[in-house]
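Let's take a walk through a protein together, one stop after another. Have a look at the picture below, and keep it open as you read.

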Amino acid sequence: MNHSYPDHVRIVDVSPRDGLQNEAMTVPTAVKQTLISDLIAAGVKKLEATSFVSPKWVPQMGDNSELMTALAETRRDDIVYSVLVPNMRGFDNAIEHRPDEVVIFGSASETFSQKNINCSIDESIERFAPVAAAAKAQGIKVRGVISCTVGCPYEGEIDPSQVAYVTKRLVEIGAEQIGIADTIGVGTPLKVQRALHSALEYADITMLSGHFHDTYGQAVSNTLAALQMGVSEFDTSVAGLGGCPYAKGATGNVATEDVVYMLHGMGISTGIDLDKLVVAGERISEFLGRRNGSSVARAIINKRQS
């Protein structure tokens, strides 16, 4: 019996931001608000609400201010509302809404950085340094997410030393949490553990979180591999929503339902009610007119209907 597993895991549901940002159809603010309410009702205590990027680049997030204003009416102190900010301008727009955390991002792949945000890894970190400083000055937490930690659509395999380097740079500018992301879902358990291990050169295990995509069906296995190392926070997306616009063919994030089912089956608490989570995933899947991307949700729904 492995006793190194954490007793409790914090789930960060990223579906309102990462899950919806690449949808071709415009998702109305009210639908996003309902999704967030459904997630909170299911017991999700931390979520990525929106992104303060230019609507020219990500039209789906063009209602960021409206959404945050709408959420303010029912906002709860025990829920962490995170927002993604790409630069100081995004931060200045976000700060009016007092997010609990801002998310900044770097890539472990030089080519991906150039194609995604048109600058080198070092330039991207320098661009985020004033954002991190401004957030900390306002008492807002800073999370740094590293994309392409195990593989890149342009460079292929990524050397773990790149993950260590970007972790070091993000910690230097003030990131308090580091997300290790398999953006295109090519990782397998040992590769994920190597990436995490390299990040540990500059960050404590309590600072690390996992963000795994399920392109090759490996996301739950990779979550387990990270759990075995003591990681106790994971980004997931209800109904497996989301892809990556800069990573061709990358399917969604790991489904929140699938991760919660595994954790509960291992005796690890999440504070989440799986049945209510399935309701949240079904509602947004129906609105988008698509099949629910969670195997667990589909199994539970089929069982109810039989």
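A residue is called buried when its relative accessible area is under 20%, exposed when that value is over 50%, and partly exposed in between. Keep in mind on this tour that you are looking at a predicted model.

With those words in hand, let's start at Lys-46. Its relative accessibility is 1%, so Lys-46 counts as buried. Which residue does Lys-46 form a salt bridge with? The partner is Glu-101, and the closest N and O atoms of the two are 3.0 Å apart. This pair links distant parts of the chain, because Lys-46 sits in strand β2 while Glu-101 belongs to strand β4 (residues 101-107), 55 residues apart. Glu-101 is buried too, since its relative accessibility is 2%. As a general idea, side chains of opposite charge can pair when their charged atoms come close.

Glu-48 forms a salt bridge with Arg-17, and here the closest N and O atoms lie 2.7 Å apart. Arg-17 is part of helix α1 (residues 15-19) and Glu-48 is part of strand β2 (residues 46-51), so this pair ties together parts that are 31 residues apart in sequence. Are these two partners buried or exposed? Arg-17 has a relative accessibility of 8%, so it counts as buried. Glu-48, at 1%, counts as buried as well.

For a contrast, move along to helix α7 (residues 160-173), which holds both Lys-168 and Glu-172. These two are 4 residues apart, about one turn of the helix. They form a salt bridge whose closest N and O atoms are 3.2 Å apart. Lys-168 counts as partly exposed because its relative accessibility is 30%, and Glu-172 counts as exposed because its value is 51%. In total, the structure holds 20 salt bridges.

Next, let's look at some other charged residues. Glu-110, Glu-123, Glu-126 and Glu-155 form a negative surface patch. Glu-155 is found in the loop between β6 (151-152) and β7 (156-157). Its relative accessibility is 36%, so Glu-155 counts as partly exposed. Another loop, between α8 (189-199) and β9 (208-212), is the place of Glu-201. With a relative accessible area of 56%, Glu-201 is exposed. How far is the C-alpha atom of Glu-201 from that of Ala-164? The two atoms are separated by 6.6 Å, although the residues are 37 apart along the chain.

Our last stop is helix α10 (residues 256-265). Why is it described as largely enclosed by the rest of the structure? The reason is that 7 of its 10 residues are buried. They are Thr-256, Glu-257, Asp-258, Val-259, Val-260, Met-262 and Leu-263. What covers these buried residues includes two strands, β1 (10-13) and β10 (233-236). The cover also includes the helices α9 (219-228), α11 (274-288) and α12 (295-305). After α10 comes Gly-267, whose phi is positive, near 80 degrees.

Terms used:
Residues are numbered from 1 along each chain as its sequence is written. This is a predicted model: local features need pLDDT of at least 70, side-chain atom pairs count only at pLDDT 80 or more; totals for chains, interfaces and linings use all residues. Side-chain values use heavy atoms; hydrogens and water are left out. Patches are made of residues with over 30% relative accessible area and no salt bridge: like charges are joined within 9 Å, nonpolar side chains (Val, Leu, Ile, Met, Phe, Trp, Tyr) within 5 Å. Accessible areas come from the Shrake-Rupley method with a 1.4 Å probe; for residues, only the protein chains shown count as cover. A salt bridge is a side-chain nitrogen of Lys or Arg within 4 Å of a carboxyl oxygen of Asp or Glu. Lys and Arg count as positive and Asp and Glu as negative; His and the chain ends are not counted. The place of a charge is taken as NZ of Lys, CZ of Arg, CG of Asp or CD of Glu. Buried means under 20% relative accessible area, exposed over 50%, partly exposed in between (1.4 Å probe, protein chains only). Contact means heavy atoms within 4.5 Å.
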